[in-house]
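Please read this briefing alongside the sequence and the coordinates.

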Amino acid sequence: MRQVIGGTLFIITGALVGAGSAMTLTEYLGTEPALAGSPWQSRDTSYQSAAHPYVIAHFLNEGRLPPAAGLWREYAATRSDDGAVLSIACVYTLSAKLPAHRWWSVAASSGGRGERPGNGVITSDSAVAESNGMVTLTVSREAVAGNWLKPPPTG
C-alpha cells in the first residue's frame with residue numbers, strides 16, 4: 001500500500017512540475033526585448049527559432065491561432081516605461097515614426113484569452129499620422145481626439 005501511495009504521489013508531482021514548466025516555457029521562451037531598456041517584448045515566430053514550438057503553444061494557450069511563421073511579430077507590454085504595471089485607470093500614450101509601407105495594428109487587451117479589445121483596433125490603414133510621419137496613439141477609458149484606444153473594462 002505504501003508503494004502505491006508513494007508511486008501515485010510521484011506521478012502527480014511529476015505531472016504538476018511538467019505542466020508548470022511547460023506553461024512557464026510557453027510564456028517566456030521566444031520572447032526578447034523590442035529595444036534595450038524597453039518594457040515591450042517581441043515574440044519570434046520564425047521556423048529557425050529554437051523556441052518556435054513554445055511560441056506557437058503560447059498563442060494556442062491564449063485561444064488564438066498562431067501567426068504564419070516569420071511573417072509578422074507580436075509586441076506586448078505589461079508595464080509602463082517607469083516599471084509600473086499597466087492599469088485601465090491610467091492614460092497611456094504611444095508614439096513612433098512608422099514606415100508607411102508596413103501594415104501594423106494595435107489593440108489594448110487584458111491578457112489575450114480570446115477576448116475582444118475594448119474599442120476595436122487601430123491599424124496602419126485607420127491611424128492618422130502627423131505631418132512629420134509620427135503616429136501617436138492614446139489608450140484611455142475616456143474618449144480623446146486622435147488615435148484613441150479604449151481599454152477592456154477590467155485588467
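Alanine 51 counts as buried because its relative accessibility is 9%, where buried means under 20% relative accessible area, exposed over 50% and partly exposed in between, with a 1.4 Å probe and protein chains only. The model is a predicted one, in which local features need pLDDT of at least 70 and side-chain atom pairs count only at pLDDT 80 or more, while totals for chains, interfaces and linings use all residues. Residues are numbered from 1 along each chain as its sequence is written, and side-chain values use heavy atoms, with hydrogens and water left out.

**Alanine 51 and histidine 52**

- Alanine 51 belongs to the loop between β2 and α2; helices (H or I, at least four residues) and strands (E, at least two) are DSSP runs, numbered from the N terminus.
- Not counting residues up to four places away in sequence, alanine 51 touches Leu29 and Gly30, a contact being heavy atoms within 4.5 Å.
- Between alanine 51 and threonine 26, which are 25 residues apart in sequence, the C-alpha to C-alpha distance is 8.6 Å.
- Histidine 52 is placed in helix α2 (residues 52–61), and it is buried, with a relative accessible area of 14%.
- With neighbours within four places in sequence left aside, the contacts of histidine 52 are Thr45, Ser46, Tyr47 and Ala69.

- Isoleucine 122 lies in strand β6 (residues 122–123) and counts as buried at 8% relative accessibility.
- Leaving aside neighbours within four places in sequence, isoleucine 122 has contacts that include Trp104, Val106, Leu137 and Trp148.
- Isoleucine 122 and glycine 83 are 39 residues apart in sequence, and their C-alpha atoms are 25 Å apart in space.
- Threonine 138 is part of strand β7 and is buried, with a relative accessible area of 14%.
- Beyond neighbours within four places in sequence, threonine 138 is in contact with Val91, Tyr92, Thr93, Val144, Asn147, Trp148 and Leu149.

**An exposed loop residue**

- Glycine 37 is found in the loop between β1 (31–33) and β2 (41–43), and its relative accessible area of 79% makes it exposed.
- The C-alpha atoms of glycine 37 and aspartate 81 are separated by 8.5 Å, although the two residues are 44 residues apart along the chain.

**Architecture and dimensions**

- The protein chain has 2 helices and 8 strands, in the order α-β-β-α-β-β-β-β-β-β from the N terminus on.
- Its radius of gyration is 20 Å, whereas a compact globule of 155 residues would have one near 15 Å; the value is taken over C-alpha atoms, and the globule rule is 2.2 Å times the number of residues to the power 0.38.
- Along the principal axes, the C-alpha atoms fill a box of roughly 75 × 35 × 30 Å.
- Of the 155 residues, 24% count as buried.
- Among contacts with a separation of 6 or more, 51% come from residues 24 or more positions apart.

**Surface and confidence**

- The accessible surface of the protein chain is about 10700 Å², of which 61% belongs to carbon and sulfur atoms; the areas come from the Shrake-Rupley method with a 1.4 Å probe.
- The mean pLDDT of the protein chain is 81, and 91% of its residues reach 70 or more; pLDDT is the predictor's confidence in each residue, from 0 to 100.
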